[in-house]
Amino acid sequence: GEVALPEIMLFRVGRQAVTDSSRVPSVLSVINWIDEKSADGTRDLEFFEVGEDTPEQHPTSVLLNNARWSDPITETPDLGSTEIWRFINGTDDDHPIHVHLVDFQILDRQPFVLDVYNASKVVHFTGPAVKPEPFEAGWKDVVRCPPGVVTRIIMRFGDFAGRYVWHCHILEHEDNEM
């Protein structure tokens with residue numbers, strides 16, 4: 001039989017002058033912001049380091065909500081619910097956290113005293129909540145969570161009834177239980 005050849009686009013560049021009248025629009029897209037007051041609840045989700053953290057030895061594990069990767073998933077929001085998740089980063093590292101199966105919006109970040117938190121699990125804020133950077137103002141599926149900061153996100157769970165896996169997107173952290 002005959003072999004079908006792929007269609008190829010050919011560009012012929014000429015010397016003719018062209019006027020470009022295109023413009024970048026003043027608004028690229030309209031974001032419908034989720035109202036914080038519409039949240040059905042808030043979850044506190046903590047980051048822990050287990051083991052020594054010295055120049056000679058790194059933590060033996062970095063845990064999310066004090067759970068190992070093989071532990072059962074505990075985040076099972078109701079279908080149609082809206083939740084705020086507070087990522088409380090008690091580690092010394094910045095973690096890009098990915099939530100599967102849902103897009104979210106970043107609400108804010110607020111610094112706290114890391115040593116007090118690690119000793120007592122009490123969040124003592126040291127400054128006001130800060131809105132996300134302009135490049136973070138939109139729908140996300142990964143959020144940067146700095147150390148000693150509570151990062152808040154809000155999301156609607158409308159398309160999937162089930163468990164929502166969340167994890168750090170740094171490969172070495174994923175391989176180390178995060």
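Which backbone oxygen lies 2.9 Å from a polar atom of the side chain of Asn89? I looked it up, and the backbone oxygen of Cys145 is the one.

**Ground rules**

I'm working with a predicted model, where local features need pLDDT of at least 70, side-chain atom pairs count only at pLDDT 80 or more, and totals for chains, interfaces and linings use all residues. Residues are numbered from 1 along each chain as its sequence is written, and side-chain values use heavy atoms, with hydrogens and water left out.

**Entry 1: Asn89**

I found Asn89 in strand β3, residues 81-89. For the record, helices (H or I, at least four residues) and strands (E, at least two) are DSSP runs, numbered from the N terminus.

Is Asn89 buried or exposed? Asn89 is buried, because its relative accessible area is 0%. My cut-offs: buried means under 20% relative accessible area, exposed means over 50%, and partly exposed is in between, with a 1.4 Å probe and protein chains only.

Besides Cys145, the side chain of Asn89 reaches the backbone oxygen of Pro146, at 3.1 Å. I also listed what Asn89 touches, skipping residues up to four places away in sequence: among them are Phe47, Asp94, His95, Phe112 and Leu114. Pro147, Gly148 and Val149 are on that list too. Contact here means heavy atoms within 4.5 Å.

**Entry 2: the whole chain**

I stepped back to count elements. The chain has two helices and eight strands, and from the N terminus on they run β-β-β-β-β-α-β-β-β-α.

How many residues does the chain have, and what share count as buried? There are 178 residues, and 32% of them count as buried. I noted an accessible surface of about 12000 Å², of which 52% belongs to carbon and sulfur atoms. Areas like this come from the Shrake-Rupley method with a 1.4 Å probe; for residues, only the protein chains shown count as cover.

Then I checked contacts with a separation of 6 or more: residues 24 or more positions apart account for 78% of them.

**Entry 3: a three-strand sheet**

Next I traced an open sheet of three strands, ordered β6-β4-β8, with antiparallel pairing. Its edge strands are β6 (142-145) and β8 (166-168), since each pairs on one side only. Neighbouring strands of this sheet are turned by 25 degrees against each other on average, direction ignored. The axes are lines fitted to C-alpha atoms (for helices, over the stretch in contact), and angles run from 0 to 180 degrees between N-to-C directions.

A reminder to myself: strands of a sheet pair through backbone hydrogen bonds, either parallel or antiparallel. Two strands count as paired if DSSP finds at least two bridges between them.

Four bridges join β4 (residues 95-99) to β6, and I spotted Ile97 with Val143 as its bridge partner in β6. β4 and β8 pair over three bridges, where His98 has His167 of β8 as its partner. β4 is mostly covered, with four of its five residues buried.

**Entry 4: Val142**

I moved to Val142, which is found in β6. Val142 counts as partly exposed because its relative accessibility is 27%. Val142 touches Pro96, Ile97, His98, Phe104 and His169, leaving out residues up to four places away in sequence. I also noted that Val142 and Val99 are 43 residues apart in sequence but 6.6 Å apart in space, C-alpha to C-alpha.

**Entry 5: β5 and β7**

β5 (residues 105-111) is mostly covered too: five of its seven residues are buried. β5 and β7 pair in the antiparallel sense over six bridges, and Arg109 has Thr151 of β7 as its partner.

**Entry 6: nonpolar cores**

Which residues have the most contacts inside the largest nonpolar core? They are Trp85, Phe87, Val99 and Ile153, in a core of 17 residues. Such a core is a set of buried Ala, Val, Leu, Ile, Met, Phe, Trp, Tyr and Cys residues joined through side-chain atoms within 4.5 Å. β1 (41-50), β3, β4, β6, β7 (149-157) and β8 each supply at least two residues of this core, and β7 gives the most, with three.

Apart from this core lies another, of five residues, including Phe112, Leu114, Tyr117 and Val150.

Note on methods:
Polar contact = N/O pair within 3.5 Å; in protein donor to acceptor, adjacent residues only side chain to side chain.
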